[in-house]
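This briefing is meant for a first reading alongside the structure. Please keep the sequence and the 3D view open while you work through the points below.

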Amino acid sequence: MIYYQDGNILIRDLQETDIEPIVRGEREQGWDATADKYEMRIKDRDAGRAIAFVAEYNGHIAGYIHVYPDSGSGAFAQQGYPEIVDFGVLEKYRRNGIGSRMMEIAEKTAAKYADAVYLGVGLHNGYGSAQRMYIKRGYIPDGSGVWYQDEICPPYKDCCNDDDLVLYLWKKL
């Protein structure tokens with residue numbers, strides 16, 4: 001299914017054939033990427049647990065985003081709120097409006113299920129552009145503090161500033 005299309009950007013359902021170009025693109029930019037998480041997103045979609053989107057820019061795979069209508073993890077787990085998960089735009093395609101378009105589609109999709117949506121954002125500088133985008137889009141911290149490895153990180157507990165250290169944000173739709 002196609003969710004958005006203009007002269008350059010196309011947003012559609014994620015397909016198995018998209019996995020290899022995504023993983024290759026992530027590896028080219030130095031990420032430790034594997035196909036596993038995208039295969040899981042497709043399985044979750046096929047089981048009715050997620051909506052999985054991919055973005056193309058001028059015919060090239062450029063990004064991805066997923067919506068879990070009733071997520072089982074994070075700050076609002078199993079409370080009936082959708083979670084936006086695993087959102088990314090390959091670096092060579094950034095600053096072309098792809099991320100904003102994908103967020104619009106994800107938020108419109110989430111609004112079909114609830115009046116609010118949430119997401120977790122990493123805290124290291126690799127997430128800087130995402131952090132700025134979420135704030136500009138009206139997301140605010142949920143108040144539960146920092147999470148590490150899918151659990152609230154208690155005050156003064158040691159943790160690592162890696163991809164598992166996140167802050168949950170939410171937004172009224």
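Are Arg12 and Glu56 buried or exposed? Arg12 is buried, and Glu56 is buried as well, where buried stands for under 20% relative accessible area, exposed for over 50%, and partly exposed for the range in between (1.4 Å probe, protein chains only). The model is a predicted one, in which local features need pLDDT of at least 70 and side-chain atom pairs count only at pLDDT 80 or more, while totals for chains, interfaces and linings use all residues. Residues are numbered from 1 along each chain as its sequence is written, and side-chain values use heavy atoms, with hydrogens and water left out.

**The sheet**

- Nine strands form an open sheet with mixed pairing, in the order β1-β2-β3-β4-β5-β6-β9-β7-β8; strands are DSSP runs (E) of at least two residues and helices are runs (H or I) of at least four, numbered from the N terminus, and two strands pair if DSSP finds at least two bridges between them.
- β1 (2-5) and β8 are the edge strands, each with a single partner strand, so one side of each has no neighbour in the sheet.
- Strands β5 (residues 83-89) and β6 (residues 116-122) are paired in the parallel sense over two bridges, and Glu83 stands opposite Tyr118 in β6.
- β6 also pairs with strand β9 (residues 165-172), in the antiparallel sense and over seven bridges, with Tyr168 in β9 as the bridge partner of Gly120.
- β9 pairs with β7 too, in the antiparallel sense over five bridges, and here Val146 stands opposite Leu167 in β9.

**Salt bridges**

- The count comes to 12 salt bridges, each being a side-chain nitrogen of Lys or Arg within 4 Å of a carboxyl oxygen of Asp or Glu.
- One of them joins the side chains of Arg12 and Glu56 (2.8 Å, N to O), linking strand β2 (residues 9-13) to strand β3 (residues 51-57) across 44 residues of the chain.
- Arg12 and Glu56 also belong, together with Asp18, to a network of salt bridges.
- Asp86 and Arg41 meet in another salt bridge (3.7 Å, N to O); Asp86 lies in strand β5 and Arg41 in helix α2 (residues 36-46), so the pair ties together parts 45 residues apart in sequence.
- Both Asp86 and Arg41 are buried.
- In the salt bridge between Arg49 and Asp44, the closest N and O atoms are 2.8 Å apart; Arg49 counts as partly exposed because its relative accessibility is 46%, whereas Asp44 is buried, with a relative accessible area of 10%.
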